[in-house]
Every structure is written in C-alpha cells, then in structure tokens.
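Keep the sequence at hand while you read, and take the points in order.

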Amino acid sequence: MAESHSHADDKSTRSLSEEKSSLSYHGVYTCPVCRHGQISALPLMDAFACNFCRHIFTADLDKQRVQVVDGSQPLSWRWTGKTWKATHRREDL
Ligand SMILES: [Zn+2]
C-alpha cells in the first residue's frame, strides 16, 4: 500500500471518555452491537465498521444515527454524545 497517514499521529490517550462528542467520520466509537469493539469510518465510504464483531454501519450524521447494514434486522442507534441509544423502535419511525 502506498497510502500512509501524513499527519502526525495525535496520541490522545484519555480525552475520549468523559467528553461529549458528536458523531463524525473522524471519530471512533464503541460498537453498539457488541459493546466491545470500536467502530470507525471506512475510507471513502459513508459507513463505519467494527473492529471486533465486523458489523458494518451506515451513518446519518445529520440525525446522529447509524444503522447496521449486514444484520438480519435493520437495527439502528442514535448517538447521544456519549453513548448509543437504540432507535429501532416505533417511536422513532
Ligand atoms: Zn462490534
């Protein structure tokens, strides 16, 4: 691979945990499916992938929402700034 990250890596070790952050393709978030891995944006795609359970999510940044695309059900979650809130319920349709 010829690609490499040109920016100096910023090693922010402990700034993630307490601060609220909005959902963006630059961030890394706890996986809402397995709650174990982390999801991060796939290059060149409007999607996130988990590094543990390998689920793929499409993202809607306006609505701060992700939806799993390779699952048997169209589960989705809304990012509250700190955590995921399941939205696969009637109230959100
Ligand atoms: Zn996962």
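1. Leu44 is exposed, with 6 other C-beta atoms within 10 Å. On the scale used here, a residue is buried if 20 or more other C-beta atoms lie within 10 Å of its own, exposed if 12 or fewer, and partly exposed in between, with C-beta atoms placed from the backbone. Leu44 sits in the loop between E2 and E3, and its phi is positive, about 65°, although it is not a glycine. Most residues other than glycine have a negative phi.

2. Before going on, please note that this is a predicted model, in which local features need pLDDT of at least 70, side-chain atom pairs count only at pLDDT 80 or more, and totals for chains, interfaces and linings use all residues. Residues are numbered from 1 along each chain as its sequence is written.

3. Arg35 also deserves a look: its phi is near 55°, a positive value in a residue other than glycine. You will find Arg35 in the loop between strand E1 (28-30) and E2. Arg35 is exposed, with 11 other C-beta atoms within 10 Å.

4. Now for the sheet. Seven strands form an open sheet in the order E1-E2-E3-E4-E5-E6-E7, with antiparallel pairing. E1 and strand E7 (84-86) are the edge strands, each pairing on one side only. From one strand to the next, the twist averages 30°, where axes are lines fitted to C-alpha atoms, for helices over the stretch in contact, and angles run from 0 to 180 degrees between N-to-C directions. Strands (E, at least two residues) are DSSP runs, numbered from the N terminus, and two of them pair if DSSP finds at least two bridges between them.

5. E2 (residues 38-41) and E3 are antiparallel and share three bridges; Ser40 has Ala49 in E3 as its bridge partner. Three bridges also join E3 to strand E4 (residues 56-60), again antiparallel, and here Phe48 is partnered by Phe57 in E4. Phe48 and Cys50 make up the covered face of E3, while Ala47 and Ala49 make up the uncovered one.

6. The hairpin of E3 and E4 has five residues between the strands, and there Arg54 takes a positive phi near 70°. The hairpin of E2 and E3, the one with Leu44, has five residues between its strands.

7. Finally, strand E6 (residues 76-79) pairs with E7 in the antiparallel sense over three bridges. Trp79 has Trp84 in E7 as its bridge partner.

How values were computed. Helices (H or I, at least four residues) and strands (E, at least two) are DSSP runs, numbered from the N terminus.
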